[in-house]
Amino acid sequence: MSAQAAPAPFFSAHGLCKSFFGVQVLHDMGFSLHPGQVLGLVGENGSGKSTTMNILGGVLPMDAGRMTIDGTEYRPRNPREAEAHGIAFIHQELNLFRNLSVAENLFIAGFPKKLRGLPFIDRARVRARTQELLAAVDLDVAPATLVSRLSQGERQLVEIAKALGANARIVIFDEPTTSLTTRETDRLFDIIGRLRRQGIAIIYISHILGDVLRLCDDILVLRDGHLVGGAPKSQMTVERMITLMVGRTIEQMFPPRDPPIELGEPVLEVRGLSQRGMVKDIGFSLRAGEVLGISGLMGAGRSELARILFGIDPCESGEVRIGGSAVPKLSPAACMAQGMAFLTEDRRAEGLMMEASIADNVALASLPRFGRNWARFIERTRLGDEVARVSSAVRIVAPDQRRTLAKNLSGGNQQKVVIGKWLLREPRVFMLDEPTRGIDVGAKYEVYKIINQLAADGAGVLVISSEIEELTGMCDRILVMAQGEIRAEFARAEFDREAILRAAMWHGSKEPA
Amino acid sequence: MNGRNTKLFVLRNTPVLLFLVLLAAFGLMSDRFLTIGNFVNIVIQAAHIGIIAIGMTFVLLIGGIDLSVGANMYVVASVLGLFLKDLPLPVSFPLATLLGLAFGAVNGWIVTRLRVAAFITTLSTLFVGRGIALYFSGNKMVGFTPQILALGRASYFGVPSAIWAFAAVFAAAYVTLSQTTFGRQLYAVGADPDAAGKAGIDVRRIVFSVYCIAGVCAAIGGLVSLSQVAVASSTFGLQKEFPVIAATVLGGTSLFGGRGGVLGTVFGAVLIQTVENGLVMTNADPYLYPLVISVIIFIAVFVDSSRTSILERLERRQIRVERA
């Protein structure tokens, strides 16, 4: 953008404060927005970004402070009022109804009526308007398509279309790219560019600092509920953002990884694994002490492979050996018995009991091991000691392991709870699917350290990630998947971001396009 | 149509197929079964359960439950018989329906304002309702005027009154669910109440309305049943929640909310009645009725719950395009 005089702001917030149960989580937050501005908001989990946006979006009331739109006071009591004021909030966990169609999702807050005074929906107008809105975000699906049939990236575009439909003047994105492929991310950024040209202001929250720098005009940094820095893009760098976020300099993103010179025995061997429509002829081996990465675009079959290996989904042919012995029939129970652990990509749905305490969550997968006496009673003391040992090893930050519920933890700590749950079983093979999705820089670093320690203790670790930097930073070897096949393999010495990406994007033929 | 599509078709239409199989089976066993007269009879007998089950469909769609529908029927019937007996039907029936609405509104108020779980709320109002009605009626049978029985036996344009009522409630419910904002928002609330709130939907209003609708349907269903028997003993409406919920679930509405509809419910109600009627026609031992009906309900519900996971697997997006 050129250096012309900035248009006047239409939105401003001053002195926003918020406390939960007597703990102040937001101190004196303020900022302003002008049409077409893209404002980046960064900070670790729990730094107050979401609280700020929830106040703006009418999800939470503010304790003190003042917001204005076009000079008049703005104080939303619920999301509907926020929407009426032209504020659209695209949450990290998308707010779409999978059982309804795309068109119904766009208009769920208020359908156009056939006749004034009568409640009947004007289906024809809904369809026509939906087609318009979908065209505006370049999404080529029929309005009647059920949302459950769309990919994550497509669902996000539906959310944006919804914001456009509500005539939003401010669109808030909370971690929009965590579940998108590289290509979908590029498409999202194009759309954001289009929105700003229409004079819509954007608030962009992300842990991917490079994206924030690339996309935003101005960047605000939050730490512990305080605004600790704010500057135009030209005066910001990724290093400066990190320094402001954590309050100290981080020398590097990844802990040093010194792979053992002598790798151990193979702990996981896969040969000729195939399942129609999912994966084909997968073969690799993972050795004790090794960290093996699997890269690929969304929908390349990485998570599907992990689910098959753990026996959640069926496979038609192939051989899997864990710890040297063949597993004739893959099932989660058989895999766990052989010492395999699996951290799923969706910790909310699959990995964690939200209403249970940290200790109960950590203990869950190991209960039989602590109930081997005559009555099968659980040995509470021994279990408690072990849980405490694991919890401190993964450094879960919480007031009380037995009382704090999982749902009250930050994303990073939730992830550590799930990792701790599997660590308690002392796995020989640990598969982690997107272990750092949606968690902040500090927590990521700790997850990397846990993985290193796990490998050093002699386990084989398999990491699936969409962030290539993450894999090159922490793995000894990387497999690249596309269309359900392994397309390339890179040893640590040959790691090259571009080559990996190129291998991931091959389509159809065996030759690069 | 390949094997996969056949499987999907069977799974999506289990109640219909089960119905056809039963028709064929009973038809072979009794030549009186497959007649138009008998079928009209089945629908008339299914009408009151069907109407209440339509109300129940709304409740299940948002992931709630209403166990008090049978008690609601009894309260409405005894108040009508004891206090509104001498009013003309066009006055007393709307009043009775209003009473049903009020009963439902109490459920809705407790669930949305006092935030008591629907299961406990409606279990309590079940006992409170029956208790009040028993107290008023002095535990005696409540009788009605002959006009009510006449209404029950009446036909308009050749269609019996019970079927008119059934059709009218169904049409209103169907249009509400598919053609109005309220109806579509109901599915959204059933799928994810938190997300619905964030999307600007007034979740409380919808939950409250749903229990009111269930109350109105229970009252109408009670009146239809009353017009067929013209007396309300102390067992009137007793345990009606079971066939009502069974009919709804049999019709494909999920107990967990967000999936289903009233067309299936009508089907479920007729299906249950068909089984009962078929058993009578084939001179089966009356003691076997509950057993046979519960087996059929179990099969349908079992297929329904395994259907969800099988459909999910069959409809999963494929990553690879396999060449034939």
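**Exercise 1. In which strand of chain A does Asp433(A) lie, and what does the side chain of Asp433(A) make a polar contact with?**

Keep in mind that we're working on a predicted model here.

- Step 1: find the strand. Asp433(A) sits in β17 of chain A, which covers residues 429-433.
- Step 2: check the accessibility. Buried means under 20% relative accessible area. Asp433(A) comes out at 1%, so this residue counts as buried.
- Step 3: look for a polar partner. The Asp433(A) side chain is in polar contact with the side chain of Ser303(A), at 2.8 Å.
- Step 4: list the neighbours. Leaving out residues up to four places away in sequence, Asp433(A) touches Ser303(A), Phe342(A), Leu343(A), Thr344(A), Glu345(A) and Ile464(A).

**Exercise 2. Describe the largest nonpolar core.**

- Step 1: size it up. This core has 146 residues, and among those with the most contacts inside it are Ile160(A), Phe173(A), Phe58(B) and Leu80(B).
- Step 2: see who contributes. Helix α3 of chain B (residues 36-61) gives the most, with 14 residues. On the chain A side, domain 1 (11-86 + 169-251) and domain 2 (97-163) each supply at least three residues.
- Step 3: inspect one member. Not counting residues up to four places away in sequence, Leu80(B) has contacts including Phe93(B), Phe144(B), Ile148(B) and Leu223(B).
- Step 4: look for another core. There's a second, separate one of 84 residues, which includes Ile294(A), Ala363(A), Val461(A) and Leu471(A).

**Exercise 3. Characterise the interface of chain B and chain A.**

- Step 1: count residues. 28 residues of chain B contact 38 residues of chain A.
- Step 2: get the area. About 2800 Å² is buried between the chains, with carbon and sulfur atoms giving 53%.
- Step 3: tally the polar side. The rule finds 1 salt bridge across the interface, and 6 residue pairs are in polar contact, both at pLDDT 80 or more. Glu104(A) and Arg184(B) meet through their side chains in a salt bridge (2.7 Å, N to O).
- Step 4: assign the helices. On the side of chain B that touches chain A, α9(B) has the largest share, 6 residues.

Technical notes
Residues are numbered from 1 along each chain as its sequence is written. Chains are lettered from A and ligands numbered from 1 in the order in which they are written. This is a predicted model: local features need pLDDT of at least 70, side-chain atom pairs count only at pLDDT 80 or more; totals for chains, interfaces and linings use all residues. Side-chain values use heavy atoms; hydrogens and water are left out. A nonpolar core is a set of buried Ala, Val, Leu, Ile, Met, Phe, Trp, Tyr and Cys residues joined through side-chain atoms within 4.5 Å. Buried means under 20% relative accessible area, exposed over 50%, partly exposed in between (1.4 Å probe, protein chains only). Helices (H or I, at least four residues) and strands (E, at least two) are DSSP runs, numbered from the N terminus. Domain bounds come from an automatic or database domain assignment. Contact means heavy atoms within 4.5 Å. A polar contact is a pair of N or O atoms within 3.5 Å; within protein, one must be able to donate a hydrogen and the other to accept it, and residues adjacent in sequence count only if both atoms are side-chain atoms. Buried area is the accessible area (1.4 Å probe) that two parts lose on being put together, summed over both. A salt bridge is a side-chain nitrogen of Lys or Arg within 4 Å of a carboxyl oxygen of Asp or Glu.
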